[in-house]
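Subject: Structure handover

Dear colleague,

I am passing on to you the structure we spoke of, with its sequence, so that you can look through it yourself.

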Amino acid sequence: MSTLTPPARTARPRVEGDWLFVPVPQAHRPVRLFCFPHAGGDATAYTPLARALAPVAEVWALRPPARGGRSRHPMPPDFDTLAAAVTEALTPHLTGGAGGRFAFYGQSFGALLAYEVARALPADRRPDLVVAAGAPSPAEWTERETRDLDASELLRLTGLDESVQAHPDLVELALGAIRTDLAVSATYRHRPHAPIGSAVHALAGAEDPMLATTGLTGWAAHTRGAFGHGVVPGGHLLATVDRPGPVDLLTSLVTSLPADRPAVPAAPRHPSREQ
């Protein structure tokens, strides 16, 4: 009589404190990829990406306040306070991956937040890589992103209106979260600073109606590490509850990280230009 081997158990999603959600926990401790949602977005949007990246990377998604499981938690009143709170929440979890390596991935407003959190960290605790999707560089953000955007129009431009339009209650929840994040975004002010040592890769969806695909190179001025940029299939939001996003690109970037983090910050060097 043959004996059937029971299937391996898949670890259940878990929440780490108030701020972090791990959709697909992995016992072998791969590279951690901290994911920052777009304006109005929530951590659960990164579940398909987490499944697609396993076992290369373990996604830790940011849980913004004022939505989802944190609907009773108030959003910080301004961008600087939000960035400080996120930095504090992430700091205890920035070790534990393969070789101590970790990376940030952010979309739109989340890309700006990911970069500013990386900059707020001590130089020897910054991510190996920051991937900024669908966002102008921090220096260009004030001019291009803090105008008075309409939440309904932004919902349409991101392509999420089709996902929620059949459910009026979901529409109102989505619009409320977008308005909250737009208010915080409007308080952002870029301050000149030394570029970070983390590698930066900027990307945009080929059908993005909000960001010109030729406007990615501004991110190069914000890193003294390697810089790359490119265009991938998709619209303004690449990773959503329905689509995992740029899995092949993220897999390539993550697997190209050095085996171990340096003990001290690397010396400044000229960024490589990747077309």
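What follows is an account of what was found, going from the whole chain to single residues.

Please keep in mind throughout that this is a predicted model. The protein chain has 275 residues, of which buried residues make up 50%, and there are eight helices and nine strands in it. Among the contacts between residues at least 6 apart in sequence, 80% join residues at least 24 apart.

In soluble globular proteins, nonpolar side chains tend to be buried together. Here the largest nonpolar core has 42 residues, and those with the most contacts inside it are Phe 34, Phe 36, Val 86, Leu 90, Phe 104 and Leu 113. Several elements give two or more residues to this core, among them strand E3 (31-36), helix H2 (79-90), strand E5 (102-107) and strand E7 (199-205), while H3 gives the most, with eight residues. A second, separate core has 28 residues, including Val 24, Ala 57, Val 247 and Leu 257.

H3 (residues 109-120) has 12 residues and reaches 17 Å from its first C-alpha to its last, which is close to the 16 Å expected at 1.5 Å a residue. H3 is mostly covered, since 10 of its 12 residues are buried, and the buried ones include Phe 109, Leu 113, Tyr 115 and Glu 116. Ala 114 also lies in this helix, and because its relative accessibility is 0%, Ala 114 counts as buried. Not counting residues up to four places away in sequence, Ala 114 touches Phe 36 and Phe 104; Ala 114 and Ala 132, which are 18 residues apart in sequence, are 7.9 Å apart in space, C-alpha to C-alpha.

A search of the whole structure finds two cavities of 30 Å³ or more, and about 80 Å³ of space lies in the second largest cavity. This cavity is lined by 14 residues, of which Leu 62, Pro 64, Leu 82, Phe 109 and Leu 113 are the closest to its centre. By class, the lining has 10 nonpolar, two polar and two charged residues, and helix H3 supplies the largest share of it, three residues.

Lastly, a few details in the loops may be worth checking by eye. A cis peptide bond, with omega about 5°, joins Ala 54 and Pro 55, and Pro 55 lies in the loop between helix H1 (47-53) and E4. Arg 29, in the loop between E2 and E3, has a phi near 55°, a positive value in a residue other than glycine. Ser 108, in the loop between E5 and H3, likewise has a positive phi of about 55° although it is not a glycine, and Ser 108 is buried, with a relative accessible area of 10%. Ser 137, in the loop between E6 and helix H4 (138-145), is buried with a relative accessible area of 1%, and Ser 137 touches Gly 218, Trp 219 and His 222, not counting residues up to four places away in sequence.

With best wishes

Methods
Residues numbered from 1 in each chain as written. Predicted model: local features only at pLDDT ≥ 70, side-chain atom pairs only at ≥ 80, totals over all residues. Heavy atoms only, no water. 1 Å grid on protein atoms, 1.4 Å probe; cavity = no way out; pocket = protein on both sides within 12 Å on 5 of 7 lines; lining within 4 Å. Points joined across faces, edges and corners; volume = space filled by probe spheres on them. Helix = DSSP H or I, 4+ residues; strand = E, 2+ residues; numbered from the N terminus. Nonpolar A, V, L, I, M, F, W, Y, C, P; charged D, E, K, R; others polar. Core = buried A, V, L, I, M, F, W, Y, C linked by side-chain atoms within 4.5 Å. Buried < 20%, exposed > 50% of the residue type's maximum accessible area, 1.4 Å probe, protein only. Expected span 1.5 Å × (residues − 1). Contact = heavy atoms within 4.5 Å.
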